[in-house]
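Work through these exercises with the structure open beside you. Try each task before you read its solution.

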Amino acid sequence: ISGFIMNVSKEILNELALSEDEYSLIVKRLGRHPNRLELGMFGSLWSEHCGYKHSKPLLDLFKTGSNNLLIEPGKENAGVVEIGNGLGIVMKIESHNHPSAIEPFEGAATGVGGIVRDIFAMGARPIALLNSLRFGPLSDSRNRYLFEEVVSGISSYGNCIGIPNVGGEVFFEKCYSGNPLVNAMCVGIVNTDNLIRATTGNEGNVLILVGADTGKDGIHGASGLASQSFDDEQDLRPTVQVGNPFLEKVLIEACMEVSNKEFLVGIQDLGAAGLTSAIVESAAKAGSGFEIDISNIPKREEGMDAYDVMLSESQERMLIIVKPGTENLVKEIFDKWDLQSSVIGKVTGDGLARIFDKGIIQCEAPINILADSPTYKLKGEKPVVLDSLQAFDFSDILIPDSPQEILLKLLSSPNIISRESIYRQYDHQVQTNTVVSPGSDSALLRIKGSSKSIALATDCNSRYVYLDPYVGGIIAVAEACRNLSVTGAKPLALTDCLNFGNPENPEIYYQLEQCIKGISYASNAFSAPVISGNVSLYNESYGENIYPTPVLGALGILEDSKKYVTSQFIEEGDQVILLGFDELLPGGFAGSEYMANIHGLIAGKPKIDLDLEVKIQSICRKLIDKEIINSAHDCSEGGLAIALAESSILSKIGFIGDFEFSGRWDEILFGELQSRIVVSVKPNKLKEFTSVCSADEIKWIALGHTGGNSFEINNLINIPIKQLRSVWDQAL
């Protein structure tokens, strides 16, 4: 091997997101200096994005004890949970934040493409997409451009590949200006006997590269873009991949066909770090080595060397590992689908990564060194500002004059306003499984051939996490699960995308550690383990970190797909009831949309009673299963008044509220206390409702009844439903 780098500049190490100490460790482990290709491979494999250097020790805090898990979390491309009938649900969420900040359309589109490949690489057919998005205020033209292009990229790719986009969320806050968050989630279904692993298997197996040509797009995407902070967009544009959804659609079908063949050993998608990550990680799992010749790889450009080929993140490519002597059988399948397939090498038994170019060796390094990135357990420090923020006294905040004006202003807030202008761009009915479409608290998809349905949702309020990372992590899980429970589904599993700032900052590391502890505690309480996910760090631009944003993707199971409800009122004359309390309590100003939007203030200490939360969700599911309630809607952003208004707006049925409370009306109507669900009940079901709640010692409050054309609360609010809808239903 030639080209050993004896004196590596700080600029090169910075480009690869390697420290000088890490370079010294590479030299020590290899017993020599690496050459340029080897150094590039180490940079990608040891990057934060691939190696999880600062997060891996913390992720061990997640408790994953569940009889439904089919694969240990973190061991494969995605998590798998059994749902009965010989079926498993494969799910994962991951980020494409930095690429979307630079080239928002392609960044978002390839984020969708990448997460889909993670799912069908395991032999699962993708059946649903969701997303979670964060942007700066839309009053800024750059933020508006990012927002519009990201939504267009998601819809373009998802619609082309024929996978329904059934749910998601979007939130706007100043801290995301310049660093939007684009988290994509995919869910697939698989026969549990047909799960595919990302492994090279035994010596002699054949390595085949399938799909698109390899170009120079995405080089240093994993190391230079996803694993450090960025300020200069122009220099980073070449690191953003370009997608071809039509090619991916064909690739899905071809890989689904191959996955049923006995000669298949493993499948791995080429995502972050491209072929380097795909082949090294697959070999590491098998304890094997490999030999490949990059001259056998179809290239998009002239003059591409081994460095370019191994680190390219060109999209729509898969690594297929098959038994020796079956290469022609594989080729026949991919030829049928008009897909390019090339034998690039073989599996060896010596644990070495050998890369050739026209027979000339370019790299020879031990797999176990390449795949074993260092990890760091740092000491976090509670942000100094938190003590004063958490101790903030809201009693000094003046009460506004008009409850009606506040309601209308909050309904028009970008964080509450209708999302129809977003999801109407998505095809959410393709595949004909969608029972509950976007616009309710969670999506609901039937499982064909069974009586079951699955519910899906994404959620996170980053203001809560900013004000108290531990409690905020608990609330993120609770809200995601609550979205499932108000539909009737029991939470089964979670996938998370942990979006944080620079972990080398002790205050950011504190946020990450405390938040993971909170998520772990809450997921255990719901018996809904975190089975997969992604960590996206270094989310900052121009010196400002984003709010800590642990997005939770939640999966729930509904045994009887006919027994579900949505968030809108159903009939006039129904009693409207608040589950969770027997009196309307003050509180919930901490991190609330009311305080942020009306008073320009983000402060306070969020609170949640997790035991109560679990009980409330359980009784809600029971009431739905017994067909006692007509609707259910969780109280979240905007508080009780907004939850009631949304149920009225969606149904075009009025609400007449008449309930007692003491203290500030703004705190009662717009405070964001946790563990509350608004339900509607037919009058002839009230006795049964009372009996079920009493048996489980669940408190509740009668708020009023549905009917008429106006939204009324005591003598405070009286607004025609048409006016509410015209305000709420504006396009973002």
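**Exercise 1. How do the axes of helices α19 and α22 lie to each other, and which residues meet?**

Solution. The model is predicted. Step one: find the two helices, α19 at residues 469–485 and α22 at residues 610–625. Step two: take their axes, which come within 10 Å and cross at roughly 10°. Step three: classify the angle. Angles under 35 degrees count as roughly parallel, so α19 is roughly parallel to α22. Step four: list the residues that meet. From α19 come Ile-474, Ala-478, Cys-481, Arg-482 and Ser-485. From α22 come Leu-610, Glu-613, Gln-617, Cys-620, Arg-621 and Ile-624. Step five: sort them by class. The contact of α19 with α22 has six nonpolar, two polar and three charged residues.

**Exercise 2. In what order do the six strands of the open sheet lie, and which are the edge strands?**

Solution. Step one: trace the order, β13-β14-β15-β20-β16-β17. The pairing in this open sheet is mixed. Step two: find the edges. β13 (434–436) and β17 each pair on one side only, and these are the edge strands. Neighbouring strands are turned by 25° against each other on average, direction ignored. Step four: zoom in on one pair. β16 (residues 490–499) and β20 (residues 549–558) run antiparallel and are joined by nine bridges. Pro-491 has Gly-556 in β20 as its bridge partner.

**Exercise 3. Which strands pair with β2, and in which sense?**

Solution. Step one: recall the rule. Strands of a sheet pair through backbone hydrogen bonds, either parallel or antiparallel. Step two: take β1 (residues 79–84). Five bridges join β1 to β2, and the two run antiparallel. Val-80 has Val-90 in β2 as its bridge partner. β1 and β2 form a hairpin with two residues between them. In the turn, Asn-85 has a positive phi of about 60°. Step three: take β5 (residues 181–191). β5 pairs with β2 over nine bridges, again in the antiparallel sense. Step four: continue past β5. Nine bridges join β5 to β3 (residues 125–135), and these strands run antiparallel. Leu-129 stands opposite Cys-186 in β5.

**Exercise 4. How many residues of β2 are buried, and which way do they point?**

Solution. Step one: count. Nine of the nine residues of β2 (residues 87–95) are buried, so this strand is largely enclosed by the rest of the structure. Step three: turn to β5, where nine of the eleven residues are buried.

**Exercise 5. Is Ser-532 buried or exposed, and which residues is Ser-532 in contact with?**

Solution. Ser-532 lies in β17 (residues 530–536). Step two: apply the cut-off. Buried means under 20% relative accessible area. Ser-532 has 11% relative accessibility, so this residue counts as buried. Step three: list the contacts beyond four places in sequence. Among them are Ala-78, Gly-79, Met-91, Lys-92 and Leu-494. Step four: pick out one atom pair. A polar atom of the Ser-532 side chain lies 2.7 Å from the backbone oxygen of Met-91.

**Exercise 6. Where does Ala-121 lie, and what does Ala-121 touch?**

Solution. Step one: locate Ala-121 in the loop between α7 (104–120) and β3. Step two: check burial. Ala-121 has 0% relative accessibility, so this residue counts as buried. Step three: leave out residues up to four places away in sequence. Ala-121 then touches Asn-77, Ile-196, Ile-267, Asp-269 and Met-318. Step four: compare chain and space. Ala-121 and Ile-267 are 146 residues apart along the chain, yet their C-alpha atoms are separated by 5.5 Å.

How values were computed: Residues are numbered from 1 along each chain as its sequence is written. This is a predicted model: local features need pLDDT of at least 70, side-chain atom pairs count only at pLDDT 80 or more; totals for chains, interfaces and linings use all residues. Side-chain values use heavy atoms; hydrogens and water are left out. Buried means under 20% relative accessible area, exposed over 50%, partly exposed in between (1.4 Å probe, protein chains only). Helices (H or I, at least four residues) and strands (E, at least two) are DSSP runs, numbered from the N terminus. Two strands pair if DSSP finds at least two bridges between them. A polar contact is a pair of N or O atoms within 3.5 Å; within protein, one must be able to donate a hydrogen and the other to accept it, and residues adjacent in sequence count only if both atoms are side-chain atoms. Contact means heavy atoms within 4.5 Å. Axes are lines fitted to C-alpha atoms, for helices over the stretch in contact, and angles run from 0 to 180 degrees between N-to-C directions. Angles under 35 degrees count as roughly parallel, over 145 as roughly antiparallel, 65 to 115 as roughly perpendicular and the rest as oblique. Ala, Val, Leu, Ile, Met, Phe, Trp, Tyr, Cys and Pro count as nonpolar, Asp, Glu, Lys and Arg as charged, and the others, Gly among them, as polar.
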